[in-house]
Amino acid sequence: MKKKLTMFLMLTLLIGLLAACGNSNTGSTGNNTSETDAASNQPSAPAEKVTLQFWHSMGGTNGERIDAMIKRFNESHENIEVIGTFQGGYDDTVTKLQQAVASGSAPDVSMLERAYVEMFADSEVLEDMKPYLEQSGISEDEFTEGLMGHSYFNDQLVSLPLNRSTPILHVNKTLLDEMGLTIPKTWEELEQTANALVVKENGEITRYGFSMPYDTWYPIAMISQAEGKFFNEDRTSIGFYDNGVGLKVFSQLKKLQETGALYYPPATDSGNIVNGMFKEGKVAMIYQSTGSIGGLTEAVDFDYATAFLPQDKVYANPTGGANVAMLAASKNKEAAWEFIRWMETDPQGALPFILESGYLPFTKSMVESQEIKDLWAKEPNRKVAYDQLQYAVDTNNDVTWPEVMHEFFSAIEAIMYDSKDIQATLDTFKKEAERILAD
Amino acid sequence: MDKKRLGELFRPYLMIAPAMAGICLFVLYPIIFLGYLSLYDYNLMNKAKSKFIGFENFAEIFSRGDFYKSLSNTVIYTAGVVVLTLLLSLVIAVWLSKKSKFNVFVQAGIFTPHVVSIVSIALVWLWMMEPNLGFLNYVLKALGLPPSQWLQSSESALMSVILVSVWQGIGYYVLIIVAALQSISPSIYEAAALDNASKLKVFWKITLPMISPQLFFILVIMTIGSFKVFDTVKVMTGGGPNNATNTLVYYIFENRTTNIGYASATGVVLMMIIALLTFVYFRLLSRRVHYQ
């Protein structure tokens, strides 16, 4: 009898231990948040205070800027406390968000990489923010049009722009001036300029003309510059195959790569590699996100300029970065909306974050604000990025994009790294894309 | 009296209950749920949108080129890692089996990579394998050999990943084999010496059969482990270039956000393959393994 009792005791203990394990997990994430924004953790809150969970993907310096923003919000709102949690990169956040939604522990508000917005919206887990927008008397025209490409789903407003960027041409003007070259505006000019900038020593290339990180962004930009579309109108196939645009884009890239005019970096860590080479003058121009302007301006000692991505038939560029969305399962939607509204429209909201980080201003009042005007007067490079938005076009919006993207990466790798036949690779890609789109 | 009997009857079950609860919760339940997911076009976030599709996921798996690509990559990787590691660690172990200060030092050196996290190792090799500025190509050029593209070309990428895994794993297996070698009774060798047996013969007829249980163990453990390779691929190549290093587990990982039903079905297939492999090994090899 006694033994049995001890057994039961041990069992209860064990189960208790298991439960404690579960608890300690949530406990540790709690600790993480308090570590990341220790400053915003105010001692004992009033009883009726609403607590909001906000997930974001900003680490490093940008993470500190987000934390500072959350702190500003908490200080100006007595009844709402936002707890920001850094959830890793965009993809990590998406994975965690999926699991959190499935287990009913999703945050109230989350940053969401724009390409994934539709996948979430399709599962009906994002709140339609149209009524809230009306209720607060904010017009939808207030937001920069070029950045709203991923905001609507089935006529619902499921996300609003937050930290948005777009690819742009970054130029080492000093190198170009040395050679008496001007900033290229078209593909032909880019080809000539980039080739002229190549330096070879003992048969090895020591300076390349231009470069771009390993990403789908830049080929997609070139596809729309050649007046192709990533997906066709009725979303049954790709829109750059039959019209020969895909062949044209990749032939152009390949031609440039062969002469050293284009340096195509290895897939892993390509953004840092490309930025590093640009800083060291090993490559004269790069296609890169506007989000790099701040870092590059600080790091380089040459005459640094930005320009529109060179055009083929038209100027065109996709957009990137993340939006902010409200989860439909949130229990504090009013408070969640207040946080989103404040970020989007309050001068103390996301504006300081935008000013410091280099992401694009996303509302009309932001663009007209004195702070932005001062910044643009001081750093015209930043204005170029915003001006380019008039040509922003996103043709890859579809629920299946994350899946198609993976196939597109394979195609890019086959062409750029393995020099596989372009037409054959595009044939395969088209077949895979159609299979995914048909599902 | 009756009470005592009852206690006797239930006690063993009670004793293993905590462990069983753990196994059910963390092993059986996930496996069953995996099987369940594999039959659905599953929407993780909105269960109402999930669709039961029977074996369609499996049909899709076996009709897709990229699955076969990652399967063959996994097989090549496993064969490469297992054969190379076994051969190299056997050779090194035979060399190090005599106890001397120098040998202990070398053994510690070989074992060190095993202590370091595989992620750090992968990162360091990633630098060394960088085609333009990396250390490996610098050495190759200094020796007058042609440089390799390493991870950047689909011809050499898988080989590069194998190289890192072998380098990392060898020390551990050397340790096991050395221990096995040292446990062989010296009297057997003495008898062989009296019979004037050649060194090669001693190795084939005595050493190898005597350590065969350990070799068998290593073979099984390593085959299963290599089939599940993930971390080096994730850090070093991300499955690229052009799926040249995409292995089964990484393939599952890639599909997890976009199509969890399909990923689960691939998981089931992977489980089947490993079960089959283990079964075949035990049937074929257990008869040849010498147990004392």
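Chain A of this predicted model is assigned two domains, domain 1 (20–164 + 321–368) and domain 2 (167–318 + 386–438). The C-alpha centres of domain 1 and domain 2 of chain A are 31 Å apart. Chain A also touches chain B, with 24 residues of chain A in contact with 26 residues of chain B. For the model, ipTM is 0.74 and pTM is 0.79.

**Contact between the domains of chain A**
- Domain 1 of chain A contributes 16 residues to the contact, and domain 2 of chain A contributes 14 residues.
- On the domain 1 side, helix α4 (residues 117–122) of chain A gives the most, with 3 residues.
- By class, the side of domain 1 of chain A that touches domain 2 of chain A has 8 nonpolar, 6 polar and 2 charged residues.

**Sheet in chain A**
- An open sheet of 5 strands in chain A has the order β2-β1-β3-β15-β6, with mixed pairing.
- Its edge strands are β2 (80–86) and β6 (160–165) of chain A, each of which pairs on one side only.
- From one strand to the next, the twist averages 20 degrees.
- Strands β3 (residues 109–113) and β15 (residues 320–326) of chain A run antiparallel and are joined by 5 bridges.
- Within this pair, L112(A) stands opposite N323(A) of β15(A).
- Helix α12 (residues 333–345) of chain A packs on the sheet and touches β1 (50–56), β2, β3, β6 and β15 of chain A.
- The direction of α12 in chain A makes about 150 degrees with that of β15(A).

- Helices α1 (2–36), α3 (90–102) and α17 (401–416) of chain A each supply at least two residues of the side of chain A that touches chain B.
- α17(A) gives the most to this side of chain A, with 6 residues.
- The side of chain A that touches chain B divides by class into 13 nonpolar, 6 polar and 5 charged residues.

**Helix pair in chain B**
- Two packed helices are described by the angle between their axes and the distance between the axes.
- In chain B, the axes of helix α3 (residues 65–96) and helix α10 (residues 212–227) come within 9 Å and cross at roughly 145 degrees.
- The crossing of α3(B) with α10(B) is right-handed.
- From α3(B), the residues T74(B), Y77(B), T78(B), V81(B), V82(B), T85(B) and L86(B) take part in the contact.
- They meet I218(B), L219(B), M222(B), T223(B), S226(B) and F227(B) of α10(B).
- Sorted by class, the contact of α3(B) with α10(B) has 8 nonpolar, 5 polar and no charged residues.

**Confidence**
- The pLDDT of chain A averages 86, and 89% of the residues score at least 70.
- Residues 16–46 of chain A have a pLDDT below 50, and this stretch has 20 contacts in the model beyond near neighbours in sequence.
- Where pLDDT is low, the predicted coordinates should not be read in detail.
- Chain B averages a pLDDT of 88, with 97% of the residues scoring at least 70.

Conventions:
Residues are numbered from 1 along each chain as its sequence is written. Chains are lettered from A and ligands numbered from 1 in the order in which they are written. This is a predicted model: local features need pLDDT of at least 70, side-chain atom pairs count only at pLDDT 80 or more; totals for chains, interfaces and linings use all residues. Two strands pair if DSSP finds at least two bridges between them. Helices (H or I, at least four residues) and strands (E, at least two) are DSSP runs, numbered from the N terminus. Axes are lines fitted to C-alpha atoms, for helices over the stretch in contact, and angles run from 0 to 180 degrees between N-to-C directions. Two residues are in contact if their C-beta atoms, placed from the backbone, lie within 7 Å. Ala, Val, Leu, Ile, Met, Phe, Trp, Tyr, Cys and Pro count as nonpolar, Asp, Glu, Lys and Arg as charged, and the others, Gly among them, as polar. A crossing is left-handed if the near helix is turned anticlockwise from the far one by less than a right angle, and right-handed if clockwise. Domain bounds come from an automatic or database domain assignment. pLDDT is the predictor's confidence in each residue, from 0 to 100.
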